[in-house]
Amino acid sequence: MSLWESCHDAATYDPTLNLSEAYNGVDELMRQVMRVAEEFERWACDHVCFDSLGDVWPYLLEDRFGKACLEILEPIALARFDRADCLRVALRMRLPIALAPDLPVPIDVRVASPLANSGFREFRIQTVRDRIEEDDTEPFVASNDPFDADFGLSYYSVYGVGEDGSLQHIANRRSYEEAANLLRMLVPGIALPIKPTSCSEPQP
């Protein structure tokens, strides 16, 4: 219903948008809406950490799902929705997504330093990506397209955070587990999460 209503809202505000013509009838539009919703529901069951949700799942879908879908696809292009788009929609919905080997999931983990005289107030593991045609590395955050062709694969940068908030780069690792294990060796007693979820908002 969320996606159905969002499509019709879009058509209300754009008089050039003819949903019935685009789908050769309203019945096909409904079939595509149902297909997208079912595809996303199956994907969410595999990748969303429901225990970390602060909202009731059906209400959250009702409030955000349709709008998030139309941020990545036009109302007349629902037939193009595929499994990769499920992650795009989930990030726009600010859902907690579990790390998985086959998913580029943005994370930003910050943990206070347990060492009184370490020189850092906290340590940070953040996903980053390199631009393919430039010598430039950028944070990979929830507002980014996880499958942006301008970037290579995401990886994990380890930082120490000074008292003034400045970042001191320590190392890069290909997986969160490797980054976390490095910090555990360097900072005994650090309380890093075993399985972090995607960050809902980019942190400064």
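## A salt bridge between R88 and D145

In this predicted model, R88 and D145 form a salt bridge whose closest N and O atoms lie 3.0 Å apart.

R88 has a relative accessible area of 16%, which is under the 20% limit, so R88 counts as buried. D145, at 27% relative accessibility, is partly exposed.

## Other salt bridges

The structure holds 10 salt bridges. As a general point, side chains of opposite charge can pair when their charged atoms come close.

One of these salt bridges joins R42 to E39, with 3.0 Å between the closest N and O atoms. Both residues are in helix α3 (residues 26–47), and because they are three residues apart there, about one helical turn separates them. R42 is partly exposed, at 48% relative accessibility, whereas E39 is buried, with a relative accessible area of 17%.

Another salt bridge links R64 with D55, and here the closest N and O atoms are 3.8 Å apart. D55 has a relative accessible area of 41% and is partly exposed.

## The enclosed strand β4

Strand β4 covers residues 155–161, and seven of its seven residues are buried, so the strand is largely enclosed by the rest of the structure. Y155, S157, Y159 and V161 point one way from β4, while Y156, V158 and G160 point the other way. The residues on both sides are all buried.

## Neighbours of β4

Which strands pair with β4? One is strand β2 (residues 122–130), which pairs with β4 in the antiparallel sense over seven bridges. Within this pairing, T127 stands opposite Y156 of β4.

The other is strand β5 (residues 167–173), whose pairing with β4 is also antiparallel and runs over six bridges. S157 has N172 of β5 as its bridge partner. β4 and β5 form a hairpin with five residues between the two strands. In the turn of this hairpin, G165 has a positive phi of about 90°.

Note on methods
Residues are numbered from 1 along each chain as its sequence is written. This is a predicted model: local features need pLDDT of at least 70, side-chain atom pairs count only at pLDDT 80 or more; totals for chains, interfaces and linings use all residues. Side-chain values use heavy atoms; hydrogens and water are left out. Buried means under 20% relative accessible area, exposed over 50%, partly exposed in between (1.4 Å probe, protein chains only). Helices (H or I, at least four residues) and strands (E, at least two) are DSSP runs, numbered from the N terminus. Two strands pair if DSSP finds at least two bridges between them. A salt bridge is a side-chain nitrogen of Lys or Arg within 4 Å of a carboxyl oxygen of Asp or Glu.
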